[in-house]
Amino acid sequence: MKKIIIIIISILLLLLVVSCTKDEKLTTEPDIVAFYSVSYADSTLTWKTDLSSRSIIQYSTDSGFLNHTAYSIDAETTNHSIKFLDLTSSTTYYYRIKHRREDTISYSNVWKFNSGTVTPSTDLLKIVYIDVKNGDSELIITPSGENIIIDGGYGSYGYDTWNGGGQTLTLNYLNSEGITHIHYMILTHPHADHIGGLADILNAGGGNTFTVDNIYDNMISHTSNAYIDFLSGVSDHTEANYIFPALGSTISLSGGDFVMKLIHSKDNMSSSETGHYLNDCSLTYHLVYKNFTAIFSGDAETVAIDKMIQYYPNDLRSTVYKVGHHGSYNGTTRAFLSKLKAVACYIPCGANNPYGHPHDQALTQLADYHIDIYRADENGTVKLITDGVNTFTMIREK
Ligand SMILES: [Zn+2]
């Protein structure tokens, strides 16, 4: 009898050990890639998949609106580990894992974790793709705290809902963040949908609201009121260094970890070339922060894009792509996307705009290259934060 009891206890212990060490397959819907061993500790979620995939976690404190998406900067893997950059201590977060493998996307169920004690992340780069309707405006805040603004949307020069209706959207955003010091202001080209909001910033408070250290212009004059007012604002800001930056020149900050390089300007263009000269002269900057990269090509079209590929074939890799020319058919090419190898993109397009932006051709190409698409008309302002090492996170307004 004693022997039988010992055997039974041994069998039970063996079963217990097996059940503790065997990975439990977690439910997915649809069940295309299996997830195992999801665990949270120290702001980091780790898990395994049976097939290699790109890591994406959608999360939020609101189980019905998972508007934060954390991506791994690294390539596809089966052993996933993503650090959350913006958690608050002792808070319940809901999340689901989105798995992308080639053309297939699948989601886990929604689970939750408690953040526990969170040590705030440091040395973060922030990029805000400001919703200025069918215009461009990006705010970059470097890890060392400098503010760089690229374009400003129509601002007060808009006149309809698709272009902002005269709202000073970029100025409002800077005010809401308490920003009064612009270290670098970059005008890609002088069309109103890019320059209007910059004129608003320069002229705010009679030219006294903002201190501006550097203004980079592509130096092609324009007859529009927005450009005239922009130049008036420039002349008021005598503290600013107003220049046409040289091709290949860089903005190097954060101890050299953050570098923005000018990879295209009118110096690469001849006015006799086909296409839209003004758009094709857009100042184009490529950003590098450790392992993270991004590109801002203004409204550069195919002629300009081909030159970037020709002159900087190895400098174009971009984790996140500000889609060129508002998602027009002529702002993106397959050859360009094959160089960018982007994970996500933002299309600055206004609802019901008369240009039909974004065009189906661009959307198809972005989808074919498996790039997650964020759009101004559907997602509003999108904030990006990254440690430059492991993770970048996109936070949708809607
Ligand atoms: Zn534009």
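**A tour of the packing inside this model**

Start by selecting helix H6: its buried residues pack against strand E17 (258-264), helix H5 (277-280), strand E18 (284-289) and helix H7 (334-340). Helices (H or I, at least four residues) and strands (E, at least two) are DSSP runs, numbered from the N terminus. Packing here is contact, with C-beta atoms, placed from the backbone, within 7 Å.

Before going on, know that this is a predicted model: local features need pLDDT of at least 70, side-chain atom pairs count only at pLDDT 80 or more, and totals for chains, interfaces and linings use all residues. Residue numbers run from 1 along each chain as its sequence is written.

Which residues of H6 (residues 302-311) are buried? Pick Thr-302, Ala-304, Ile-305 and Met-308. They sit on the same side of H6 because they cover an arc of only 160 degrees around the axis, taken from the directions from the helix axis to the C-beta atoms. Buried means 20 or more other C-beta atoms within 10 Å of a residue's own.

Next, show the largest nonpolar core, with 97 residues. Such a core is a set of buried Ala, Val, Leu, Ile, Met, Phe, Trp, Tyr and Cys residues joined through C-beta atoms within 7 Å. Helix H3 (residues 192-207) gives the most to this core, six residues. Now click Ile-186, one of the residues with the most contacts inside the core. Leaving out residues up to four places away in sequence, Ile-186 touches Ile-148, Ile-150, Tyr-216, Leu-283 and Tyr-285.

Last stop: colour Leu-169, Thr-170, Leu-171 and Leu-174 in H2, which meet Gly-197, Asp-200, Ile-201 and Ala-204 in H3.

Technical notes:
A residue is buried if 20 or more other C-beta atoms lie within 10 Å of its own, exposed if 12 or fewer, and partly exposed in between; C-beta atoms are placed from the backbone. Two residues are in contact if their C-beta atoms, placed from the backbone, lie within 7 Å.
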